[in-house]
Amino acid sequence: MTLDSTVIGTELPATEMTIDAGRLRFFAKAIGETNPVFTDAVAAQAAGHQTLPVPPTFLFAIELESPDPFAWVADLGVDMRRILHGEQQFTYHSVAHAGDVVIAKPRITDVYSKKGGALQFIVKDTAVTRADGSAVADLKTVIVVQNPNVKAEDAK
Amino acid sequence: MTATIDALEVGAELPPVAIASISRTALALFAGASGDHNPMHIDIDVAKSAGLDDVFAHGMLSMAYLGRIITNWVAPEDIRTYAVRFGAITPVHAEPTARGRIAAIDEVDGERRATLELVVALADGTVTLTGTAVVAV
């Protein structure tokens with residue numbers, strides 16, 4: 001399985017999420033976040049937020065809201081069991097809060113391989129905005145695809 | 001904010017965040033909370049079908065743990081960028097510790113910003129994540 005560079009530029013389906021305060025508390029619990037600004041509306045308001053702010057990595061969850069969020073991986077012919085998360089970047093423009101309707105628009109921006117094809121890389125850039133178009137953040141995800149048919153040791 | 005550092009200067013270390021043994025429950029909760037239902041993190045049968053002995057933790061769970069170093073120190077609206085590279089998988093029952101230090105302090109766009117060097121390592125020394133963040137200070 002070799003990824004075709006013609007997929008570069010492919011826009012993936014946009015996903016919309018209404019950020020829910022209960023979901024933010026669940027996320028805070030799951031990551032062990034104890035700073036009350038992320039879980040307690042009174043603490044959030046005392047810190048100048050109208051509602052709960054989202055923790056910095058929560059934005060990754062938006063595009064996973066679609067019914068089959070990894071369909072695009074399968075569509076590329078990639079076995080989900082062979083992928084690893086290689087890199088993740090967030091560039092923040094404004095903090096999203098509970099009650100915001102946010103939209104993630106992902107696009108495949110690069111594919112390349114290393115070690116003679118033993119490892120292939122998919123780069124996906126996702127713009128997150130509010131429904132009014134205001135920018136929340138830009139995400140960059142690098143996914144590593146391990147090809148079991150090529151041994152890295154042999155290909156060096 | 002709950003954490004303080006001794007001095008706002010290059011080389012200052014942020015209070016580390018140490019995670020007790022990552023349980024299967026932790027992975028199940030994170031799958032639900034993050035929306036990442038990839039079975040490689042929660043279903044040992046699928047992990048075994050791929051030739052692994054067991055499930056392993058979501059990379060984004062470690063990035064979230066590491067992010068707590070930042071949110072313990074600065075307000076979310078003061079975080080400009082946060083980026084990591086995943087270097088090794090985190091097994092079930094691993095005990096990661098997230099650490100950070102100030103690598104640079106600069107004046108950018110009229111605000112003072114600190115660049116943080118970040119790392120997560122397991123109890124056996126395996127480095128699972130390295131990263132950087134830029135925050136307004």
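The model is predicted: local features need pLDDT of at least 70, side-chain atom pairs count only at pLDDT 80 or more, and totals for chains, interfaces and linings use all residues. Residues are numbered from 1 along each chain as its sequence is written, while chains are lettered from A and ligands numbered from 1 in the order in which they are written.

Start with chain A. It divides into domain 1 (5-18 + 67-155) and domain 2 (20-53); the bounds come from an automatic or database domain assignment. Over C-alpha atoms, the two domain centres lie 27 Å apart. Domain 1 of chain A gives 5 residues to their contact and domain 2 of chain A gives 8 (contact: C-beta atoms, placed from the backbone, within 7 Å). On the domain 1 side, 2 residues are nonpolar, 3 are polar and none is charged. Here Ala, Val, Leu, Ile, Met, Phe, Trp, Tyr, Cys and Pro count as nonpolar, Asp, Glu, Lys and Arg as charged, and the others, Gly among them, as polar.

Now the chains. Chain B puts 35 residues into the contact and chain A 30. On the chain B side, H3(B) supplies the largest share, 10 residues (helices are DSSP runs of H or I, at least four residues, and strands runs of E, at least two, numbered from the N terminus). That side holds 20 nonpolar, 10 polar and 5 charged residues.

Strand E2(A), residues 83-92, has two partners to follow. With E5(A), residues 135-146, it pairs antiparallel over 9 bridges (pairing: at least two DSSP bridges). His85(A) bridges to Ile143(A) there. With E2(B), residues 79-86, E2(A) pairs antiparallel over 5 bridges. Gln88(A) stands opposite Val84(B), and Glu87(A) opposite Arg85(B).

Conventions:
Contact = placed C-beta atoms within 7 Å.
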